[in-house]
Amino acid sequence: MDHPLAMDVEAMRRAGYAAVDALAARMADPEAEPVLRRATPAEMRERLGGAPPEQGAGLDAVLARVIEDVLPYQAGTNHPGYFAFIPYFTTWPAALAELIAAAINVSPWAWMESPAATQIELEVIDWFRGWLGMPESTAGLLVSGGSAANLTALLVAREAAGGPSEDSVVYVSDQGHSSLARTARAMGLRPHQIRVLPTDDRWRLQPETVIAAVGADRRAGRVPIALCASAGSTSTGAVDPLPGLADLCAAEGLWLHVDAAYGGFAALTPEGRALLTGIERADSVTVDPHKWLFQPLECGGVLVRDGERLARTFAIHPDYLDSTETHTTGEANLGEWGLQLSRGTHALKVWMSVQAFGLAAFRAAIDRNMELAAYAEELVHGHDTLTLMAPASLGIVCFRREWPGCDEAETERRGIALADALERSGDAFVSTTRLAGRHAIRLCILNPTSGAAHVRRVIEHFAQAPAPPDLPRTIAVPADSKAGVLGSPRSAQGTDVLETMPLLAGLPDSVVQAVRDRGSCVNVAAGEEIIRRWDADRSFYITLSGRYDVLIDDRVIRTLGPGEHFGELAARDWGGGYGYARTATVRCTQDGQVLRLSSDDFQWLVGTQPAVRAELAEILADRLRQR
Ligand SMILES: Cc1ncc(COP(=O)(O)O)c(C=O)c1O
């Protein structure tokens with residue numbers, strides 16, 4: 001065939017075999033390359049930059065460049081030492097499915113064009129439904145990933161609640177994934193419409209916390225519409241108590257969305273299914289086959305219990321698509337069920353890899369990951385130098401090295417330095433997180449290639465490595481100080497307390513002055529409430545004078561005097577400009593003044609002053625315990 005983009009069939013085959021050979025070799029020996037190879041933009045520009053050629057170099061030459069200049073610079077997510085973020089292991093049948101899908105543009109958007117691919121997607125969604133135990137009324141769609149699935153689900157939830165409204169409120173836990181913050185932003189939800197709620201000491205959202213927040217919102221005239229629970233939170237793998245949350249959502253008329261992007265496929269194993277009990281009662285669920293179902297990026301999934309709502313939320317039928325009209329029951333135009341009209345197949349790879357390996361192989365891989373996580377926890381317990389920060393849950397364990405005499409900032413610096421050293425060895429790669437503001441090493445065991453020796457190597461590295469060399473401590477001095485809302489309180493009476501208060505002790509005068517400049521002084525009279533429990537306002541307060549009670553349900557849990565502070569939980573950024581709901585009420589008992597900092601100014605202080613961040617980490621952990 002002759003056209004400008006035609007290729008000789010022999011040349012097609014030759015390039016195809018060369019690509020397959022290079023990839024099969026890499027997949028067969030995932031440890032042959034370091035787990036991660038970093039490069040600078042200059043190096044990458046040197047290798048890959050340049051204007052597009054007017055005349056092509058031929059596919060063989062281009063392929064050779066890709067093998068030389070691209071593949072080595074892709075993290076080895078199949079490497080057995082890859083324990084960072086979420087390890088994305090991929091199977092060969094799934095990779096071939098991607099090639100097939102791309103070669104002939106398999107695109108299940110309209111039944112008439114892709115009946116087979118559409119049927120495969122319906123089948124795959126039905127498998128997921130069965131694994132999670134959801135009813136037959138459930139419908140779903142494969143999308144690009146967990147972020148797209150969360151957005152799709154919450155759009156359906158909002159339609160079910162009657163559409164957009166300034167009064168509606170959605171609840172998430174402080175362990176909820178950042179994609180929920182992005183979803184909220186994309187949906188135009190304002191900060192007062194997202195209630196970020198604290199979790200318990202095992203990072204789970206308890207029903208009573210939600211009940212209290214919902215009650216306060218209803219009393220304030222707001223309209224609670226949905227709760228996002230986690231079935232495998234990203235930092236710790238924690239699963240919220242789904243049966244209790246499902247009960248409360250049923251009683252309160254809230255839509256229950258379960259983000260099981262990370263943990264959902266644990267349902268394939270008896271242990272995982274038990275952990276996920278209650279997920280079958282969700283109104284919608286996010287799953288992510290490109291995580292624990294070992295599929296290549298991109299592949300996410302959303303399931304909606306009342307399946308008709310999915311199509312109803314997105315269906316828009318322009319005249320120019322009249323010819324795609326369906327004729328018999330079972331024909332589905334999946335391009336009308338979600339945000340994307342034109343869409344590639346994500347289901348073919350899931351279907352091909354499950355058909356090729358069988359479910360038993362997937363079960364065994366997931367089981368092994370969970371066993372290794374339990375093993376890692378055991379190893380952590382066996383080392384005095386390590387502290388367990390979150391127990392093994394769905395393949396994740398969090399821990400950290402303790403160093404006698406080190407504060408939080410130094411503990412974090414050393415932990416990150418040890419993680420960097422491990423990555424530079426080329427053998428293993430872990431990431432870090434913060435739990436209630438405290439540093440933790442996060443080991444995510446999701447690769448079928450990982451074994452006990454790989455896990456042991458990581459734990460022993462953190463337990464035994466010598467202290468990383470000291471770094472000179474630098475204190476960033478803000479360049480962009482701006483005056484407070486009520487004008488500069490530099491001259492305000494009573495701000496001297498800033499120089500002596502423990503939180504700011506030891507900071508350069510310029511930083512203390514910047515705090516003064518950014519803040520606004522507020523006079524408060526005895527009896528006034530400055531913040532109220534479950535409110536959404538996010539300022540941070542330093543008490544300059546007077547006395548203040550901190551109350552939970554009329555119980556005084558703390559009394560504050562000059563030089564203390566409150567509001568730090570809500571002022572922290574959970575993501576996307578959203579913050580915690582207030583977890584306590586603060587009432588003035590003796591007239592005084594407070595310095596109010598906006599949440600942005602609080603972020604600035606914490607972000608530029610490691611000592612403040614360290615001090616606050618301890619305070620935050622304490623506040624969360626006392627909520
Ligand atoms: C719990 C959870 N939800 C949602 C997401 C977002 O998924 P994706 O990165 O596929 O968009 C992630 C990603 O790590 C996650 O862990």
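**View 1. Strand S14 and its two partners.** Phe540 and Ile542 point one way from strand S14 (residues 540–543), while Tyr541 and Thr543 point the other way, and all are buried. Here, buried means that 20 or more other C-beta atoms lie within 10 Å of the residue's own, exposed means 12 or fewer, and partly exposed is in between, with C-beta atoms placed from the backbone. This is a predicted model, in which local features need pLDDT of at least 70 and side-chain atom pairs count only at pLDDT 80 or more, while totals for chains, interfaces and linings use all residues. Residues are numbered from 1 along each chain as its sequence is written. Strands (E, at least two residues) and helices (H or I, at least four) are DSSP runs, numbered from the N terminus. In a regular strand the side chains alternate between the two faces of the sheet. S14 runs antiparallel to strand S19 (residues 592–597), joined to it by four bridges, and Phe540 has Leu597 as its bridge partner there. With strand S17 (residues 565–566), S14 pairs in the antiparallel sense over two bridges; in S17, His565 is the bridge partner of Ile542. Two strands count as paired if DSSP finds at least two bridges between them.

**View 2. The open sheet with S13 and S16 at its edges.** Four strands line up in the order S13-S18-S15-S16 to form an open sheet with antiparallel pairing. Strand S13 (529–531) and strand S16 (555–560) each have a single partner strand, so one side of each is left without a neighbour in the sheet. From one strand to the next, the twist averages 30 degrees, with axes being lines fitted to C-alpha atoms and angles running from 0 to 180 degrees between N-to-C directions. Have a look at strand S15 (residues 547–552) too: five bridges join S15 to S16, and Tyr548 stands opposite Leu560 in S16.

**View 3. Strand S2, covered on both faces.** Six of the six residues of strand S2 (residues 168–173) are buried, so S2 is largely enclosed by the rest of the structure. Ser168, Val170 and Val172 lie on one side, with Val169, Tyr171 and Ser173 on the other. S2 pairs in the parallel sense with strand S4 (residues 223–230) over five bridges and with strand S3 (residues 194–197) over four bridges. Tyr171 is a handy landmark: its bridge partner in S4 is Leu227, and in S3 Tyr171 stands opposite Arg195.

**View 4. The ligand shell and helix H6.** The ligand is surrounded by 13 residues, the closest being Gly145, Gly146, Ser147, His177 and Ala261. A residue counts as near a molecule if its C-beta atom, placed from the backbone, lies within 6 Å of it. Helix H6 (residues 146–160) supplies the largest share of this shell, three residues. Of the 15 residues of H6, 13 are buried, so H6 is largely enclosed by the rest of the structure. After H6 comes Gly162, whose phi is positive, near 105 degrees.

**View 5. Helix H8 and its buried side.** The buried residues of helix H8 are Thr209, Val210, Ala213, Val214 and Asp217. They cover an arc of only 125 degrees around the axis, which puts them on the same side of H8; the arc is that of the directions from the helix axis to the C-beta atoms. Exposed residues Glu208 and Arg219 sit on the face turned away from the buried side of H8.
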